[in-house]
Amino acid sequence: MDYYLSPIHTQRFDLEIKNSQFITTVSRTKGREAAKAFIDEIRLRYPDANHHCSAFIAGAPNNVHLWDQSDDGEPKGTAGKPMMNVLQHSDFGETTVVVTRFFGGIKLGAGGLVRAYSQAVQEALSQTEYENVYPRSPVQLKITYPLLGKVEYWLEQSDIEITNKTYSDSVVIDLAVIERTWPEQKVILTDLCQGSLTLIEPDKA
């Protein structure tokens with residue numbers, strides 16, 4: 001699959017198991033800092049809860065450096081790990097899930113906790129409103145000023161994001177291109193400029 005899923009806004013889902021309330025909050029988070037900030041935000045939202053267990057994939061699903069999870073005081077391996085297991089098999093990326101638990105007085109046991117936290121995340125993700133996210137790569141485009149107008153117009157009609165522009169003796173435009181559509185777009189852009197352009201693609205250098 002050349003895209004992954006990500007929540008379009010922060011969403012809350014409630015589940016009750018043996019008097020314990022499990023509040024699952026799902027949000028789109030780009031990067032570890034955003035994921036940690038969201039977890040802290042949920043802690044502040046429910047300060048009297050017993051646990052705020054979490055799991056996140058804060059980038060593309062295949063970027064294991066942006067994965068993490070926490071049991072937050074629940075017995076080791078009974079919350080964060082099963083939550084992460086569900087998240088890993090969901091096709092979601094740039095996503096943080098926090099399950100806030102209010103203890104209801106009945107102990108669930110280790111197996112019960114694993115099932116409860118897994119169910120909380122499974123049900124939440126199955127109802128989460130999401131969009132498709134296509135992985136992007138950085139490309140730098142260098143052109144002369146006479147080409148700027150038609151290049152900008154063409155870029156506005158495409159799915160390419162302009163992240164920065166620098167004006168000096170020429171115009172340098174930083175782009176974020178979708179990997180699956182860029183090869184064809186590169187040919188069109190080169191033809192548009194009649195070959196009078198410089199493209200720098202760091203990932204392929």
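Colleague: What covers the buried residues of α4?

Modeller: The cover includes β8, β9 (161-167), β10 and α5, where contact means heavy atoms within 4.5 Å. Helices (H or I, at least four residues) and strands (E, at least two) are DSSP runs, numbered from the N terminus. This is a predicted model, in which local features need pLDDT of at least 70 and side-chain atom pairs count only at pLDDT 80 or more, while totals for chains, interfaces and linings use all residues. Residues are numbered from 1 along each chain as its sequence is written, and side-chain values use heavy atoms, with hydrogens and water left out.

Colleague: Which residues of α4 are buried, and how do you know on which side of α4 they lie?

Modeller: In helix α4 (residues 148-157) the buried residues are Leu148, Val151, Glu152, Trp154 and Leu155. They cover an arc of only 165° around the axis, so they lie on the same side of α4; the arc is that of the directions from the helix axis to the C-beta atoms. The face turned away from that buried side carries the exposed residues Tyr153, Glu156 and Gln157. Buried means under 20% relative accessible area, exposed over 50%, and partly exposed in between (1.4 Å probe, protein chains only).

Colleague: What makes Glu94 and Arg28 a salt bridge?

Modeller: The term requires a side-chain nitrogen of Lys or Arg within 4 Å of a carboxyl oxygen of Asp or Glu. For the side chains of Glu94 and Arg28 the N to O value is 2.9 Å, so the pair qualifies. Glu94 lies in the loop between α2 and β6, and Arg28 in strand β3 (residues 20-28), so the pair ties together parts that are 66 residues apart in sequence. Arg28, Glu94 and Glu131 are also linked in a network of salt bridges. By this rule the count comes to 11 salt bridges.

Colleague: Why is Glu94 called buried, and why is Arg28 called partly exposed?

Modeller: Glu94 has a relative accessible area of 10%, so it falls in the buried class. Arg28 has a relative accessible area of 27% and therefore counts as partly exposed.

Colleague: How do you know that Asp68 forms a salt bridge with Arg32?

Modeller: The closest N and O atoms of Asp68 and Arg32 are 3.4 Å apart, which meets the rule. This pair links distant parts of the chain, with Asp68 in strand β5 (residues 67-70) and Arg32 in helix α1 (residues 32-45), 36 residues apart. Asp68 is partly exposed at 32% relative accessibility, and Arg32 is partly exposed at 27%.

Colleague: Why does Gln194 count as exposed?

Modeller: Its relative accessibility is 71%, so Gln194 belongs to the exposed class. Gln194 lies in the loop between α5 (182-192) and β11 (198-200), and has a positive phi of about 50° although it is not a glycine.

Colleague: Which residues are the closest to the centre of the largest pocket?

Modeller: The largest pocket has a volume of about 280 Å³. Of the 15 residues that line it, the closest to its centre are Glu94, Val133, Tyr134, Arg136 and Glu161. On a 1 Å grid over the protein atoms alone, a pocket is an open set of points where a 1.4 Å probe fits, with protein on both sides within 12 Å along at least five of seven lines; lining residues have an atom within 4 Å of a point. Grid points are joined across faces, edges and corners, and the volume is the space filled by probe spheres set on the points.
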